[in-house]
Amino acid sequence: MSFLEVSDLQVWFPIRKGILNRIAGYVRAVDGVSLSLDEGETLGLVGESGCGKTTLGRAILGLEKARQGRVLFDGTDFTSLPESKRRLLRRRCQMIFQDPFASLNPRMTVLELITEGLKFHGLLDGESPEEAGRRLLHDVGLGEDALYRYPHEFSGGQRQRICIARALAVNPRLVICDESVSALDVSVQAQVLNLLNRLKEERNLTYIFISHDLSVVRFMSDRVLVMYNGKPVEINEADALFEHPLNAYTQKLIDALPGRKHHFSNT
């Protein structure tokens, strides 16, 4: 059995009209997606804006309610769990969001932000919050002088490192990166991508990497799933998909790449 298995997942949002607010139809944001993911693998999710890739990531974590389908995480059906048990399992699955400033509470210090999950789940294991905070900041390349500062005092790249530290604090096994470098300058993107790859190796993490930027996805991914209008249209090994796309939509995405192509390296 795969580490993560998604079967026929559907997320539909109702369209309401009229004075009585009746349902007139549905937006099929995710419409019958199936995929599997091995432990330690990185799966890229690509497609144009509105194709459903972010909704799929949120549905896998239970942040969006699925209309139909199953999500098996390490053999446990995530979709059928009551909320109390789902919350505990969700500790093993974390998400890094697109906008690091919007996803950090501006009234909390970095220490409070990155140790909140540790306190909630009782994971300090004899460490003081300060010790845990210093360790986590070191892991993402930030100094301990950041502990008592606030999010607005940092650059975009530094804030995203804080978000990564917060996500990794509770020792997840699966991390969903939702456009996690798209708001950053290209040079900073490369630094954060290399950091994510290093942390993956050190912690044996499994990634779902969501992005509209195909060059970033190719750099990060072992396999790539292409979505269009809520449906999967192609999935393949990353190099094979880019060199020999089988679907016409995938070919169009790749044809549009050269004019905005970025090159990343492991330096």
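In which sense do E4 and strand E5 pair, and over how many bridges? E4 and E5 (residues 76-77) pair in the antiparallel sense, and the pairing runs over two bridges. The model described here is predicted.

## The hairpin

E4 and E5 form a hairpin, with two residues between the strands. In the turn, aspartate 74 has a positive phi of about 55°.

## The pairing of E1 and E4

E4, which covers residues 68-73, also pairs with strand E1, which covers residues 4-17. This pairing too is antiparallel, and five bridges hold its count. Valine 6 has valine 71 in E4 as its bridge partner.

## The largest pocket

Rolling a probe the size of a water molecule over the atoms shows where empty space is left. In this model, the largest pocket holds about 500 Å³ of space. Its lining consists of 20 residues, of which Arg90, Cys93, Gln94, Met95 and Arg166 are the closest to the centre of the pocket.

Which elements each supply at least two residues of this lining? They are helix H2 (83-90), strand E6 (93-96), helix H3 (110-121) and helix H5 (156-168). H3 gives the largest share, with six residues. Sorted by class, the lining has 12 nonpolar residues, five charged residues and three polar residues.

Conventions. Residues are numbered from 1 along each chain as its sequence is written. This is a predicted model: local features need pLDDT of at least 70, side-chain atom pairs count only at pLDDT 80 or more; totals for chains, interfaces and linings use all residues. Side-chain values use heavy atoms; hydrogens and water are left out. Two strands pair if DSSP finds at least two bridges between them. Helices (H or I, at least four residues) and strands (E, at least two) are DSSP runs, numbered from the N terminus. On a 1 Å grid over the protein atoms alone, a cavity is a set of points where a 1.4 Å probe fits but cannot get out, and a pocket is an open set with protein on both sides within 12 Å along at least five of seven lines; lining residues have an atom within 4 Å of a point. Grid points are joined across faces, edges and corners, and a volume is the space filled by probe spheres set on the points. Ala, Val, Leu, Ile, Met, Phe, Trp, Tyr, Cys and Pro count as nonpolar, Asp, Glu, Lys and Arg as charged, and the others, Gly among them, as polar.
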